[in-house]
Amino acid sequence: MAVIFDGKALCQRVKDDVKAKVAEFSAASGRKIKLAVVLVGENPASRVYVKNKIKAAEYVGIESLSFNLPETTQEAEVAELVKSLAEDDGVDAVLVQLPLPEHINEQRILDLIPPEKDVDGFSDINVGKLTLGKPCIAACTPSGIIEILKSAGITLQGKHAVIVGRSNIVGKPVALLLLRENCTVTICHSKTKNLAEICRSADILVAAVGRAGFITGDMIKEGAAVIDVGINRTENGLKGDVEFESAAKKASFITPVPGGVGPMTIAMLMKNAYICAERRNEKNGL
Ligand code: NDP
């Protein structure tokens, strides 16, 4: 039976560590770190995420500025707001909650955030640096996954990591981070052939598909570490992409949904906001 990851405990440790660093930063600089959060529209899940992010910011001592725009807001108006936050010297980090309404081009908006304020690590520049193996702000969910694996004492070097999903916000960046850790990485997607067979060859299996219970126990190698990124709202509540019962019998380590990768994403966001403020201070020679 697998060890079940305790997301809340690690998340608390990361947040407490960030809280101490934020306090040091504020004492040394005489100012608070500021995180701007832009939400466009009424997506209920996004509202919950934003609320939790603001609550976490409060806990670690980061001031948050919240901007809630109606669903019908035009791209130019969102762009103006993001540009003003980009230029505002008092703002350390800018987060645009995704998804944006369909009439807005997400990447165009994300690329208005300067790399040193790009707390989610989604801008072209941060993604490019991640690809080149340069220091960068890496996306929160993928960085949280690396933190989870390391905290569990799982050796990454030389392991075969299989990622199911190739999105820009989870699949691709987690693949790049695992490659940095010297894993041998395979990325699977909807056109992959022999998916079950490939999954069975994984020492580390990351499921980021967006389909409840998609990965079943028979797709998991005995003793593998299984990271379930999925958040699927079903009539039986929140479910991951992994069928937990059958998977836990095969894996040596597994993250639950809820209470696994989700809380870590928010903790890593706080860590990234602190890194943004630090980098800006260094850049300004402070
Ligand atoms: P996307 O919908 O952007 O990507 C899903 C990926 O899964 C795509 O690459 C798609 O392939 C692949 N896929 C879909 N069907 C299959 C299939 N039958 N076989 C193999 N691959 C398939 O999702 P995200 O990456 O944004 O999110 C994935 C999940 O993670 C969602 O449930 C989301 O809610 C959750 N999530 C959780 C977070 C957290 O903090 N815990 C943060 C972000 C996301 P293709 O590219 O070919 O279409």
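Start by selecting strand 5 and strand 7, which run parallel and are joined by 4 bridges. Strands here are DSSP runs of E with at least two residues, helices are DSSP runs of H or I with at least four, and both are numbered from the N terminus. Two strands count as paired if DSSP finds at least two bridges between them. This is a predicted model, in which local features need pLDDT of at least 70 and side-chain atom pairs count only at pLDDT 80 or more, while totals for chains, interfaces and linings use all residues. Residues are numbered from 1 along each chain as its sequence is written, and side-chain values use heavy atoms, with hydrogens and water left out.

**Stop 1: strand 5 and its partners**

Select residues 160–164, which make up strand 5. Of its 5 residues, 5 are buried, where buried means under 20% relative accessible area with a 1.4 Å probe and protein chains only. His160, Val162 and Val164 point one way from the strand, and Ala161 and Ile163 point the other way. In a regular strand the side chains alternate between the two faces of the sheet.

Now pick Val162. Its bridge partner in strand 7 is Leu205, and its bridge partner in strand 6 is Thr186. Strand 5 and strand 6 run parallel and are joined by 5 bridges. His160 has Thr184 as its bridge partner in strand 6.

**Stop 2: strand 7 and strand 8**

Strand 7 pairs with strand 8 in the parallel sense over 4 bridges. To find this pairing, select Ile204 and look opposite it for Ala225 in strand 8.

**Stop 3**

Touching means contact, that is, heavy atoms within 4.5 Å.

**Stop 3: helix 6 against helix 7**

Select residues 140–151 (helix 6) and 171–180 (helix 7): their axes come within 8 Å and cross at roughly 40°. That makes helix 6 oblique to helix 7. Show the side chains that make the contact: Pro142, Ser143, Ile145, Ile146 and Leu149 of helix 6, with Pro173, Val174, Leu177 and Leu178 of helix 7.

**Stop 5**

Finally, go to the open sheet of 3 strands in the order 3-2-4, where the pairing is parallel. Strand 3 (63–69) and strand 4 (93–96) stand at the edges with a single partner strand each, so one side of each has no neighbour in the sheet. From one strand to the next, the twist averages 15°.

Select strand 2 (residues 34–40), which runs parallel to strand 3 and is joined to it by 7 bridges. Val38 has Phe67 as its bridge partner in strand 3.

Technical notes:
Axes are lines fitted to C-alpha atoms, for helices over the stretch in contact, and angles run from 0 to 180 degrees between N-to-C directions. Angles under 35 degrees count as roughly parallel, over 145 as roughly antiparallel, 65 to 115 as roughly perpendicular and the rest as oblique. Buried means under 20% relative accessible area, exposed over 50%, partly exposed in between (1.4 Å probe, protein chains only).
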